[in-house]
Amino acid sequence: MIGIIGAMDVEVSAIKNKITSPVSTELAGCTFVCGYIDDVMVCAVQCNPGKVNAALCAQAMIDKFDIDEIINVGVGCSLKKDVIVKNIVIAEDVCQYDIDITALGEPRGYINGLNTIKIETDKQISDQLARIAINSGEKIRRGTVASGDTFIANSELKQFLNEHFGAICGEMEGAAIGHVCKANNIPFAVLRSVSDGGDENAQIDYPTFKKIAAEKSTAIILKYIASEKTQIELTLD
């Protein structure tokens with residue numbers, strides 16, 4: 001079963017609406033909708049913004065459902081000059097930029113337990129998402145996606161995240177979901193469509209472009225699910 005997690009309704013509603021024979025389950029404050037898209041088992045859920053919401057939702061999904069992989073889908077901001085609005089970003093790895101225990105001698109973003117700063121995404125899933133995006137005519141970027149409990153709308157923070165973590169996109173959920181998936185040995189990927197520049201204009205650009213950006217990422221996810229059906233058919237043959 002493919003798990004799809006988005007923070008906002010606009011990021012997952014179209015996916016939920018495509019599910020046939022849907023069964024809804026209320027758990028941990030989230031509504032999980034499970035069923036089939038193109039004969040592929042899917043579970044889609046809105047987690048609400050923020051790292052704790054995202055982690056809680058991901059763990060509930062893993063505990064309750066027979067999840068084989070999780071894809072975090074939605075919008076994000078640019079953290080690099082050549083990453084622009086409407087680009088598709090597919091994470092090679094994710095980090096939590098607001099973990100700060102530097103006073104105790106650890107580097108910024110260090111995740112105790114996993115003992116790393118960056119968590120690698122699943123290469124096979126990410127490569128397939130990239131191929132689909134390119135074949136759909138989208139301009140893609142691949143690199144580090146940085147997560148934190150802040151809506152990034154500050155040029156100084158944007159520059160810091162790019163220079164310190166090498167991050168090209170910022171958002172509020174991906175690395176928390178990645179953290180949970182890594183701890184549970186569940187393959188995961190993070191797909192973002194850029195809605196704003198992460199600077200002082202973000203509050204203006206975000207409301208304007210978030211719907212368009214979310215539609216782009218949703219279209220790629222639906223094509224990814226269709227491609228999984230093809231893989232299942234080839235395996236059966």
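This is a short talk on a few local features of the structure above.

Okay, so before anything else: this is a predicted model, where local features need pLDDT of at least 70, side-chain atom pairs count only at pLDDT 80 or more, and totals for chains, interfaces and linings use all residues. Residues are numbered from 1 along each chain as its sequence is written, and side-chain values use heavy atoms, with hydrogens and water left out.

Let's start with helix H4, residues 155-165. Helices here are DSSP runs of H or I with at least four residues, strands are E runs of at least two, and both are numbered from the N terminus. Which residues of H4 are buried? They're Lys-158, Leu-161 and Phe-165. Buried means under 20% relative accessible area, exposed means over 50%, and partly exposed is in between, using a 1.4 Å probe and protein chains only. Those three sit on the same side of H4, because they cover an arc of only 80° around the axis; the arc is taken from the directions from the helix axis to the C-beta atoms. As background, an α-helix has 3.6 residues a turn, so residues three or four places apart point the same way.

What do the buried residues of H4 pack against? It's a set of strands: E5 (69-78), E6 (88-96), E7 (118-120), E8 (140-147) and E9 (167-171). Contact here means heavy atoms within 4.5 Å.

Now the ends of H4. At the N-terminal end, Asn-154 is the cap, with a side-chain oxygen 2.8 Å from the backbone nitrogen of Glu-156. After the helix comes Gly-166, with a positive phi near 70°.

Next, a helix pair. H2 (residues 51-64) and H5 (residues 174-184) pack at an angle of about 35°, and their axes are 8 Å apart. The axes are lines fitted to C-alpha atoms over the stretch in contact, and angles run from 0 to 180 degrees between N-to-C directions. Who makes that contact? From H2 we have Lys-51, Ala-54, Ala-55, Ala-58, Gln-59 and Ile-62, and from H5 there's Ala-176, Ile-177, Val-180 and Asn-184.

A polar atom of the Asn-72 side chain lies 3.5 Å from the backbone nitrogen of Gly-174. Beyond four places in sequence, Asn-72 touches a list of residues including Ile-5, Gly-174, Ile-177 and Leu-191.

Leu-191 is also among the contacts of Ile-221, which sits in helix H6, residues 202-236. Ile-221 is buried too, because its relative accessibility is 0%. Other contacts of Ile-221 include Ile-4, Ile-15 and Ile-71. Take Ile-71: it is 150 residues from Ile-221 in sequence, but 8.6 Å away C-alpha to C-alpha.

Most residues other than glycine have a negative phi. Ala-28, though, has a positive phi of about 55°, and its place is the loop between strand E2 (20-27) and strand E3 (30-37). Asn-48 has a positive phi near 80°, and lies in the loop between strand E4 (40-46) and H2. Ala-28 counts as partly exposed because its relative accessibility is 39%, and Asn-48 counts as partly exposed at 31%.

How values were computed: A polar contact is a pair of N or O atoms within 3.5 Å; within protein, one must be able to donate a hydrogen and the other to accept it, and residues adjacent in sequence count only if both atoms are side-chain atoms.
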